[in-house]
Amino acid sequence: MLIQTIWEGIIIGSVYAMIAMGIALVWGVMGILSFSQGEFMMVGMFISFYANSLLGLDPLAAVPITAALTFGFGCLIYKTIIAKALKGPRLSQRLITFALGMVLTYGALILFGGQYRTIENVLFDGTWDLGFLVINKRKLITLLIALVMVGLMYVFLNKTRMGRAIKATSQDKSAAQIVGVNTEVTYMIAFGISTALAGVAGCAITYYYPVHYQAGAAFLLFGFIAVLLGGVGSTFGALVGGIIMGLTDTLTGFVSWSESCCLTPSPRPLR
């Protein structure tokens, strides 16, 4: 039971990690907290759901589509809203992402309704019973998607010119501008990637989590804590922080369940 609980914690922690990477990226580069990251995840969930129901695409096949659409959506949000907010006071920068999250939440309620939706037609279904551990294939794919995204983010930030420009801007914006970095484009790309990470997280979790207009809110707080645990701007740190939060979440429930079982007196046999 304990091994199964740890496995489940790693799965949910990988989702927290993808959200945390996006938060850490925006926070490290622009110095603002993205309170709308959970809502971007919710957008990715709806894209995955309709790609499955209308086009028959498995969530894994919908990942590139979700990433592209949410990246473009993030760039649009930056140009129309965030770029203007960055010129204002710090409080306005923080409140604008909170307000954006509310608009996305209730906009989704108006467009899609409040009912819960699930994805039924998937390529990877069933379980592997190893005796000491039951591996759900749907959840395994979610973990693999998260690990691939972490790897891609590491390669992008460390091996590409744009990635190095993002890291340089996060360290010293003025120095980056002196050496020819277009910080405005860097900000837009960073925000778009942050949005795409949340969208992919939403796409991945639709394998086993219901699609709902408030689905992303439950993951936002854990994402913030994961960022603090792993360190701002650290891709690997976001992964570690997300896994720690996932394990904490599931193990806390396991311990509570174990204590309740131990404390509950067994019924006496009737005489």
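**A walk through a predicted helical model**

Helix α1 is mostly covered, since 22 of its 29 residues are buried. Here, buried denotes a relative accessible area under 20%, exposed one over 50%, and partly exposed anything in between, computed with a 1.4 Å probe on protein chains only. Helices (H or I, at least four residues) and strands (E, at least two) are DSSP runs, numbered from the N terminus. The model is predicted, so local features need pLDDT of at least 70 and side-chain atom pairs count only at pLDDT 80 or more, while totals for chains, interfaces and linings use all residues. Residues are numbered from 1 along each chain as its sequence is written, and side-chain values use heavy atoms, with hydrogens and water left out.

Helix α1 covers residues 2-30, and its 29 residues should span 42 Å at 1.5 Å a residue; the C-alpha atoms at its ends are 41 Å apart, which agrees. The expected span of a helix is 1.5 Å times one less than its number of residues. After α1 comes G31, which has a positive phi, near 75 degrees.

How is the packing of two helices described? Two packed helices are described by the angle between their axes and the distance between the axes. Axes are lines fitted to C-alpha atoms, for helices over the stretch in contact, and angles run from 0 to 180 degrees between N-to-C directions. The axes of α1 and helix α8 (residues 183-205) come within 9 Å and cross at roughly 170 degrees. The crossing therefore makes α1 roughly antiparallel to α8. In these terms, angles under 35 degrees count as roughly parallel, over 145 as roughly antiparallel, 65 to 115 as roughly perpendicular and the rest as oblique.

Contact means heavy atoms within 4.5 Å. On the α1 side, the residues that meet α8 include I12, V15, I19 and V26, and the α8 residues that they and others in α1 meet include Y187, F191, L197 and V200. Of the residues in the contact of α1 with α8, 19 are nonpolar, two are polar and none is charged. In this classification Ala, Val, Leu, Ile, Met, Phe, Trp, Tyr, Cys and Pro count as nonpolar, Asp, Glu, Lys and Arg as charged, and the others, Gly among them, as polar.

Helix α8 also holds T195. This residue is buried, with a relative accessible area of 1%. Leaving aside residues up to four places away in sequence, T195 touches Q37, F40, T70, F73 and G74.

Is K79 buried, partly exposed or exposed? K79, placed in helix α3 (residues 59-85), has a relative accessible area of 45% and is partly exposed. Not counting residues up to four places away in sequence, K79 touches E184 and M188.

Helix α4 (residues 90-112) has 23 residues and reaches 34 Å from its first C-alpha to its last, close to the 33 Å expected. Its buried residues are Q93, T97, L100, G101, L104, T105 and A108. Among the elements that cover them are α2 (37-55) and α3. An α-helix has 3.6 residues a turn, so residues three or four places apart point the same way. Just after α4, G113 takes a positive phi of about 85 degrees.

Helix α5 (residues 137-159) also has 23 residues, and reaches 32 Å between its first and last C-alpha, close to the 33 Å expected. At its start, a side-chain oxygen of N136 comes to within 2.8 Å of the backbone nitrogen of R138. Within α5, I145 is buried at a relative accessible area of 6%. Apart from neighbours within four places in sequence, I145 is in contact with L60, V63, V200, A204 and Y207.

Which residues does K139 touch, not counting residues up to four places away in sequence? They are E8, I11 and Y208. The side chains of K139 and E8 are joined by a polar contact of 2.7 Å. A polar contact is a pair of N or O atoms within 3.5 Å; within protein, one must be able to donate a hydrogen and the other to accept it, and residues adjacent in sequence count only if both atoms are side-chain atoms.
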